[in-house]
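Let's take a friendly walk through a protein model. Have the sequence and the 3D view ready, and look up each residue as we come to it.

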Amino acid sequence: MAFPLRVLLLLFLSIPFSESESNLSFKYYKKSCPDFEKIVSETITTKQMSNPATAAGTLRLFFHDCMVEGCDASVLVASNSFNTAERDADVNLSLSGDGYEVVVKAKTTLELTCPNVVSCADILAVATRDLVTMVGGPFYKVLLGRKDGLVSKASRVEGNLPRTNMSMDQMINLFASKGFNVQEMVALTGGHTIGFSHCVEFSDRLYSYSKKHATDPEINSKFAAGLRSMCANYTTDKTMSAFNDVFTPGKFDNMYFKNLPRGLGLLASDNALVKDPRTRPFVELYATNQTAFFQDFSRAMQRLSVHGVKTERNGEVRNRCDQFNSIQT
């Protein structure tokens, strides 16, 4: 069936897209910095091989960046006497230094190769994709051309990132406010298949769950006993932690979803996914179909990676990822 030109034009104009997204391109650095992706790939490979926690740390760093102010590397900015930056917000204090370090290393090399061209935001987006792929996850294409944000304030973080004690309604509403549906939320949460969480984030499930049960009865009993022993000193040692996926913590796969019905979800928010009827079908799908998880995770990451991106008018290419090119107050 043929459509009149006027109808096709109206259909095209009805497709929602932001001006910032329309300025992005898969080949943004083809002429200005042709070795960009090669340099990032070499940097992340070296870092991941020397420190296997880098992939998980970078993925979490990217998520925390994009959910606050958009994907603009604002989480990389260091605080100064004029400003308390995002990275010093309470929820960001546990972000891994490996994620910061891998971006800074790539930026240093890129500034020698093609100075003042590649944004820290693009480095973080591509480094995250490459690290996920390196540890067994899916490859997905990343649009390029983001600019680095001009604002980074700790005061703007709260309310924009999920907390482990949030109800499912709160979680769904938070992701919806960023434009993500329930399935995309579950797929993105699948990033917990790599990395670890600090004991303080789930200690209430182990030691003070309720008046009737000190430990959450929905946690596998042997798993709970092991966690109680591992986290015994969490109040004095804030670095105490446990793997999110007890079986394949360094491999990006669907084991995280297989663990949830077995009572092996670490965080309260993890366990909630398999209990709530709105999210359980996607947990069950991904637990039995890794291909479906990888496809949905890739699409969700592509959407996340263009959330709130900055352009020339409201961003810059930072000379250093940890500070603005001019002092911000």
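## A residue in a loop

Thr-84 is partly exposed: its relative accessible area is 48%, which falls between the 20% limit for buried and the 50% limit for exposed. You will find Thr-84 in the loop that runs between H4 and helix H5 (97–113). This is a predicted model, so everything here describes a prediction.

Which residues does Thr-84 touch, leaving aside neighbours within four places in sequence? The contacts are Ser-79, Ser-152, Lys-153 and Ala-154.

## The annotated histidine

Now move to His-64, which an unreviewed UniProt entry annotates as "active site". His-64 belongs to helix H4, residues 54–67. Is His-64 buried or exposed? With a relative accessible area of 7%, His-64 is buried, because buried means under 20%. Beyond residues up to four places away in sequence, His-64 touches Val-91, Asn-92, Leu-95 and Leu-161.

Helix H7 spans residues 168–177, and its buried residues include Met-168, Met-171, Ile-172, Leu-174 and Phe-175. Why do these five share a side of H7? They cover an arc of only 160° around the axis, so they lie on the same side.

The buried residues of H7 pack against H4, helix H8 (182–189) and helix H12 (268–275). After H7 comes Gly-179, with a positive phi near 95°.

## The nonpolar cores

The largest nonpolar core holds 78 residues, and those touching the most other members are Phe-36, Leu-76, Leu-110, Phe-252, Phe-257 and Leu-304. Helix H6 (residues 120–134) contributes the most to this core, with nine residues. Another core of 13 residues lies apart from it, with Leu-206, Cys-231, Ala-242 and Leu-266 among them.

Setting aside neighbours within four places in sequence, its contacts include Leu-110, Val-118, Ile-123 and Leu-144.

The mean pLDDT of the protein is 93, and 92% of its residues reach 70 or more. Over residues 1–17, however, the pLDDT is below 50, and this stretch has two contacts beyond near neighbours in sequence. Where pLDDT is low, the predicted coordinates should not be read in detail.

Notes
Residues are numbered from 1 along each chain as its sequence is written. This is a predicted model: local features need pLDDT of at least 70, side-chain atom pairs count only at pLDDT 80 or more; totals for chains, interfaces and linings use all residues. Side-chain values use heavy atoms; hydrogens and water are left out. UniProt positions are given in the numbering used here, feature names are shortened, and annotations may be inferred rather than shown by experiment. Helices (H or I, at least four residues) and strands (E, at least two) are DSSP runs, numbered from the N terminus. Buried means under 20% relative accessible area, exposed over 50%, partly exposed in between (1.4 Å probe, protein chains only). Contact means heavy atoms within 4.5 Å. The arc is that of the directions from the helix axis to the C-beta atoms. pLDDT is the predictor's confidence in each residue, from 0 to 100. A nonpolar core is a set of buried Ala, Val, Leu, Ile, Met, Phe, Trp, Tyr and Cys residues joined through side-chain atoms within 4.5 Å.
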